[in-house]
Amino acid sequence: MSAERAGSSTGGQGKAVPVEQTAVQLCLPIATAGNPRRRTRDRLGALRARAPKAIVNAESAAPATMEEVAYRLTGALLNVASNKGVPGPDGQTIEALLEQWPVVLPRLQADLLAGTYQPGVIRRRYIPKAGGGQRGLGIPDVVDRVVAEAVRQVLEPLWEPTFHSSSHGFRPGRSCHTAINEAREHLEDGYEWVVDLDLEKFFDLVCHQRLTAKLAERVSDRRLLVLVGRMLKAKVVLPDGVVIDSEQGVPQGGPLSPLLSNVVLDELDRELARRGHRFVRYADDCNVYVRSERAGRRVMASLTGFIEGRLRLKVNQAKSAVARPEERHFLGFRLRADSRTGTVEVLLSERTKRRAMERIRQLTPRNWGGTLESCILKINGWLRGWHGFFGIVSPSEQYTLRALDAHIRRRLRAIVLHHWKRKRTIVRKLIALGVPRRSAWKQVYAGRKSWWALSHIPAVDHGMRKAYFANRGLIFLVELHRHPHQRIVAPGSPQLALWG
């Protein structure tokens, strides 16, 4: 690939720009009322017309060179813009970069081709984890995200066709649903024990030397390898402003980190396949399926030695276990095999149920000041998204779905009662809804009760039944689940012959 294709007018003789100066030069004006969203959409449309198409077929993949990375910067910008991410440490927004892209692009290409591009610092942000603790995310500058996305587009076609078919995380055509489907197939074949491996702080403990050595097996352009190394070693700004070095780990949250994590753990997949194990891996969540508890403990000890000795990672002994699949949380689900019928049920994990109840409480606060319809609108949006992911559960989970629907209705009743405020108003409204006058007066005035306690008395349940909320637009999980959910199967992989 020539430099002319990359669009560099300097012949690759770009000027080295220190990190501090780069941040200042690319800190462009933030969009204001004089720069509306319509102009941003127009720029995106013009860029899409000129951007190169992503390559998904390894046979036609372009060589992994810096020229190819420079050529794909515009397409990478479109992907970054579609994610609508927040600004990085330099404060630059995606809208500002779009406005100045014709000026930034030639200089950025020149620096990349000359090998002088220096990534900026990464802002560390902590978010709570579902199982407790905090997860550290890395937020790079917008320009660094564009470069990382271009690198991903160039590297992914080299590795994607050779990844194992049991690896489902962050791969085209694969998802949590395909992972659960494969796990169900293993249970149906009689592998009813699971070795649940939890890698402790995986993204923080990746060895840079081993990762770059893996990349060098298929990438011959030293400039590209050096660029990836600089991204891995970019300094991190902690929430308190302290700047630290990165001697190991992959910044979690950037466009390139999912691919790099799969490159690292591909060695684990190869080892599991070599030993003939049945397994399913989604990112750093790995389940190995065996026929007995004794075999599971033997596999757990052997794999722990391989992961900690060969891969230089760490197995979290407190969270890893050998157990029945119905006792373990995997991607929000648990699997239960029925030995009599040979079928496998997909159920919600206990953690998923707790998180659903917590989210319902957040969406229906007791002091909701808006209208009931506006609250229902928010709930409906969450219900559709939640069921879109968890709708693959078996019909036996109808009881749980009904319980969630009932909990939502009770929370809404408490909001309505709070809006009505006075007991006299509550009684009058209930009578208008068809509740017998005597029952309404007796139950509402029976002692001092909170809005939450009143929301479940028979008179209120009778007055604000399911139809009351259905007429106001509320949707129900049970009714959504009546429509058959398509069983998603992972696409065939051309690498199957390589695994024997």
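What follows is a walk through the salt bridges, a surface patch, the cysteines and a tryptophan.

Keep in mind that this is a predicted model.

Salt bridges come first. How many salt bridges are there in the structure? The count comes to 23. I will go through three of them and then a network.

Take arginine 324 and glutamate 192, whose side chains meet in a salt bridge with an N to O distance of 3.6 Å. Arginine 324 sits in the loop between strand E8 (321-323) and strand E9 (333-338), while glutamate 192 is in the loop between helix H9 (176-188) and E3, so the pair ties together parts that are 132 residues apart in sequence. Buried or exposed, or something in between? Arginine 324 counts as partly exposed, because its relative accessibility is 28%. Glutamate 192 also falls in the partly exposed class, at 25%.

The next pair is aspartate 461 with arginine 413, a salt bridge at 3.3 Å, again N to O. Aspartate 461 belongs to helix H21 (residues 458-463) and arginine 413 to helix H17 (residues 398-420), and this pair links distant parts of the chain, 48 residues apart. Is arginine 413 buried or exposed? Arginine 413 is buried, since its relative accessible area is 8% and the cut-off for buried is under 20%.

Glutamate 479 is partly exposed, with a relative accessibility of 34%, and lysine 466 is partly exposed with a relative accessible area of 34%.

Some salt bridges share partners, and in that way Arg210, Lys214, Glu267 and Arg310 are joined into one network.

Back to glutamate 479 for a moment. Helix H23, where glutamate 479 lies, covers residues 477-482. Which residue has its C-alpha atom 9.5 Å from that of glutamate 479? That residue is leucine 401, which is 78 residues away along the chain.

Now the surface. Lys129, Lys201, Lys314 and Lys319 form a positive surface patch. One of them, lysine 201, is in the loop between strand E3 (193-198) and helix H10 (202-205). Lysine 201 is exposed, because its relative accessible area is 57% and exposed means over 50%.

On to the cysteines. How many disulfides does the structure hold? The number is zero. For context, a disulfide is a covalent bond between the sulfur atoms of two cysteines. I picked out a couple of cysteines for their accessibility. Cysteine 207 counts as buried, because its relative accessibility is 18%. Cysteine 375 is buried as well, with a relative accessible area of 0%.

Where does tryptophan 368 lie? Tryptophan 368 is in the loop between helix H15 (350-363) and helix H16 (372-390). With a relative accessible area of 15%, tryptophan 368 is buried. The C-alpha atoms of tryptophan 368 and valine 416 are separated by 9.3 Å, although these residues are 48 residues apart along the chain.

To recap: there are 23 salt bridges, zero disulfides and a positive patch that includes Lys201. That is all from me.

Notes: Residues are numbered from 1 along each chain as its sequence is written. This is a predicted model: local features need pLDDT of at least 70, side-chain atom pairs count only at pLDDT 80 or more; totals for chains, interfaces and linings use all residues. Side-chain values use heavy atoms; hydrogens and water are left out. Patches are made of residues with over 30% relative accessible area and no salt bridge: like charges are joined within 9 Å, nonpolar side chains (Val, Leu, Ile, Met, Phe, Trp, Tyr) within 5 Å. Accessible areas come from the Shrake-Rupley method with a 1.4 Å probe; for residues, only the protein chains shown count as cover. A salt bridge is a side-chain nitrogen of Lys or Arg within 4 Å of a carboxyl oxygen of Asp or Glu. Lys and Arg count as positive and Asp and Glu as negative; His and the chain ends are not counted. The place of a charge is taken as NZ of Lys, CZ of Arg, CG of Asp or CD of Glu. Helices (H or I, at least four residues) and strands (E, at least two) are DSSP runs, numbered from the N terminus. Buried means under 20% relative accessible area, exposed over 50%, partly exposed in between (1.4 Å probe, protein chains only). A disulfide is a pair of cysteine sulfur atoms within 2.5 Å.
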